[in-house]
Amino acid sequence: MPYTIARYAGYCSGVRRAMEQALLAAREAREKGIACYSLGELIHNPEAVAALKNEGVLPIDRVEDAKDGIILLRSHGVSPDVEAACREKGLEIRDCTCQFVNALHQIVRKSGEKGVPVLLIGAPDHPEVQGTAGWCRGRCHIIPDVAAVKKLPPMEKALAVVQTTFPPHQWEEIVGLLKDRIPQLEVKCTICPATFKRQEEAKILAAKVDAMVVVGGRKSANTRKLYEVCKSICPRTCLVERAAEIPPHFANIHTEYIGIAAGASTPDWSFKEVVTRMNDMEHIDQELQQEPVNNENMLTMEDIEKTVVRIRTGQTVTGTVVQITDDEVCVNIGYKSDGLIKRADVVDKDVKLGDEIEVEVVKVNDGEGNVLLSQRNIVNRKAWEALMVKFENKEYVDAVGKEEVKGGLLATVEGGVRAFVPASQLAPRYVEKISQFVGQEMKLKIIDVDQQKKRIVASRKAVIAEESAAKKAAAWDKLEEGAVVTGTVRRFAEFGAFVDLGGVDGLIHITDLAWSRVGHPSEVLTVNQEVEVKILSLDKERERIQLGYKQLQPKPWDNIEEKYPIGVILERAVVRIRPFGAFVELEPGVDGLVHISQCALTRVAKVEDVLAVGQVVRVKVLGVDPEAKRISLSVREALADEAFVEGEDMEIPGEEVTEEAPVDAE
């Protein structure tokens, strides 16, 4: 009998964890000689509850019914008041609440603390909804369906959450109505991902088969909704809690294709028992009609899995090429009929008779008894699987931009798979012309995947950000305070210049550009200039690096006595005037003072009467004090020397005279 078991069948991770904890608690209780209770049914499956009872786990409805011992909080969760009651009674608590339900509890708790009303979408009588409502600590409105939305009181702000096993399409419908009514609606989709995947997988399977069997407890909301989903697509769907409930003439065991799905609270042994029974029914009908069946002759699940060798849609098989035409390739796969591959689905264009090739079963029967195969599907699947491995490992993929579309860019990634790159994910800053990326090779990071539709969303911006962060981290590791490093000037600001040190930027403050006064950084440096700088300070927490440029340049006061010996006469410009004298710039960073008494041959009341800023004057060096960084200059002495030289009718030297004039004591 052809059958397929849904990929997501049986215990979800939360239920499996709850069962494991329950079995451990039961064993601990037996060792201690105390009782082990579960507050309500641990999960909604009678088979599992019965199995736990055999292990010593006793379900109770109220905390008051428990005596001393261990109590299990069901996977659906309970309210804080119930937990408090367990502690007051002195019971040892084992919290088996599903991790997704726990997350839902914390979301509504925080909302309640902020005074924001909670809109809890789900079945009012479901234990999960009742337990979650107890965590709200404020206004909580339970919404079972779209009709309840109209009964809500007016509100400006609210938080919408949902029962973890609620049907996704109903949740979306209700949220759409809520958004129209509540201006400030915060939406948190708390549906368990396993629930969504389970229902989507069941939909796909139900559309392919002739009949569906859904295995699970009738009290389980998860199983019931799974049944409803399958029933809406495949009318011949039945819900059973155990194998014995399968109707005798439910399906033709020889010709019809059966699908099997199981709820999240269905034990593995329960749905495997269904598979065993259905295979037994076929085996008995074919070979054992005249033989009595007893327990010794019953096939085990392992026996069945070893003997049942069939082909099914999506299966990968190896076959031998037996015929080649212009349109098709015929492959012997060991089935009752050969398989056909359309030329468009043949990847190996050089295939020849006798070659063994790997193919995928596309359809078991095309209506004419032929098996349809594909080689391309395998290549595509392997390419997809390779991408999913990179997605899980957060690795980058190579891509080429192919087409500008509304909202972003379509790119072809490894294996020929198409990826959508939203405009906001193309670069760190806004991209005005998306077309510039068409034909461009790039690295992308996959950020979202739709497994059913085989679609991926990728980001170039994430790659740039992560590579920049890695580069920055590596650069920080190499930097040391006091070290001299090479960098590139990237941009200027009024207060200094920013230098790229290979992944991180450092700042040369304008005061550290030169020993002299600087009006703007461009007076000293140019953009893209490579410079050596000294690291003055590092602040990793604030990501700030203080650099010095002038610290690696000669200090203007070094060897100042050799550059400006006493008695030398110079021609320089006045840069500042003060009441006590005028400052003359000898070179950038070095000023000399002409005292008011040395400004002219005669006594002056104000410096401004004889000198002006910008005026070029001849001065004579009277004294140099390197430690105090002071140089005394005299206009009067320079004028006197000049007059003396003219009286002798001697040529006036341009910068200095060899004879020293006496220093004016004033």
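## Barrel and the helix across it

Strands β15 (residues 339-342) and β17 (residues 371-374) run parallel and are joined by 3 bridges. Within that pair, Ile 341 has Leu 373 of β17 as its bridge partner. Helices (H or I, at least four residues) and strands (E, at least two) are DSSP runs numbered from the N terminus, and two strands count as paired if DSSP finds at least two bridges between them. This is a predicted model, in which local features need pLDDT of at least 70 and side-chain atom pairs count only at pLDDT 80 or more, while totals for chains, interfaces and linings use all residues. Residues are numbered from 1 along each chain as its sequence is written, and side-chain values use heavy atoms, with hydrogens and water left out.

β15 and β17 belong to a barrel that 5 strands close in the order β13-β14-β15-β17-β16, with mixed pairing. From one strand to the next, the twist averages 55°. Helix α12 (residues 376-392) lies across β13 (316-324), β16 (356-363) and β17, and runs at about 90° to β16. Axes are lines fitted to C-alpha atoms, for helices over the stretch in contact, and angles run from 0 to 180 degrees between N-to-C directions. Contact means heavy atoms within 4.5 Å.

## Chain totals

The protein chain has 15 helices and 32 strands. Of its 666 residues, 44% are buried; buried means under 20% relative accessible area, exposed over 50%, and partly exposed in between (1.4 Å probe, protein chains only). Among contacts in the protein chain with a separation of 6 or more, 64% come from residues 24 or more positions apart.

## Open parallel sheet

An open sheet of 4 strands has the order β1-β12-β10-β11, and its pairing is parallel. β1 (3-5) and β11 (237-240) stand at the edges with a single partner strand each, so one side of each has no neighbour in the sheet. Neighbouring strands of this sheet are turned by 20° against each other on average, direction ignored.

β1 is joined to β12 (residues 258-262) by 3 bridges, and the two run parallel. Thr 4 has Gly 259 of β12 as its bridge partner. Helix α8 (residues 193-208) lies across β1, β10 (211-215) and β12, running at about 170° to β12.

Pro 267 lies in the loop between β12 and α10 (268-287). Its relative accessibility is 0%, so Pro 267 counts as buried. Leaving aside neighbours within four places in sequence, Pro 267 is in contact with Tyr 11, Asn 45, Glu 47 and Ala 48. Pro 267 and Tyr 11 are 256 residues apart in sequence, yet their C-alpha atoms are 6.0 Å apart in space.

## Helix α4

Helix α4 (residues 99-113) has 15 residues and spans 21 Å from its first C-alpha to its last, close to the expected 21 Å. The expected span is 1.5 Å times one less than the number of residues. Gly 115, which follows α4, has a positive phi near 80°.

The buried residues of α4 are Val 101, Leu 104, His 105, Val 108, Ser 111 and Gly 112. Seen down the axis of α4, they fall within an arc of 130°, so they line one face of the helix; the arc is that of the directions from the helix axis to the C-beta atoms. An α-helix has 3.6 residues a turn, so residues three or four places apart point the same way. The cover over the buried residues of α4 includes β6 (118-121), α5 (127-133) and β8 (157-162).

## Antiparallel pairs around β26

Strands β23 (residues 484-493) and β26 (residues 530-539) run antiparallel and are joined by 5 bridges. Thr 488 stands opposite Glu 530 in β26.

β26 is also joined to β27 (residues 544-548) by 5 bridges, again antiparallel. Asp 539 has Arg 544 of β27 as its bridge partner. β26 and β27 form a hairpin with 4 residues between them, and Glu 543 in the turn has a positive phi of about 55°.

## Nonpolar cores

The largest nonpolar core has 25 residues, and those with the most contacts inside it are Val 619, Val 621, Ile 631 and Leu 633. A nonpolar core is a set of buried Ala, Val, Leu, Ile, Met, Phe, Trp, Tyr and Cys residues joined through side-chain atoms within 4.5 Å. Two or more residues each come from β28 (569-578), β29 (581-587), β30 (590-595), β31 (616-625) and β32 (630-634). β31 gives the most, with 4 residues.

Apart from this core lies another, of 23 residues, among them Val 397, Ala 411, Ala 427 and Val 431.
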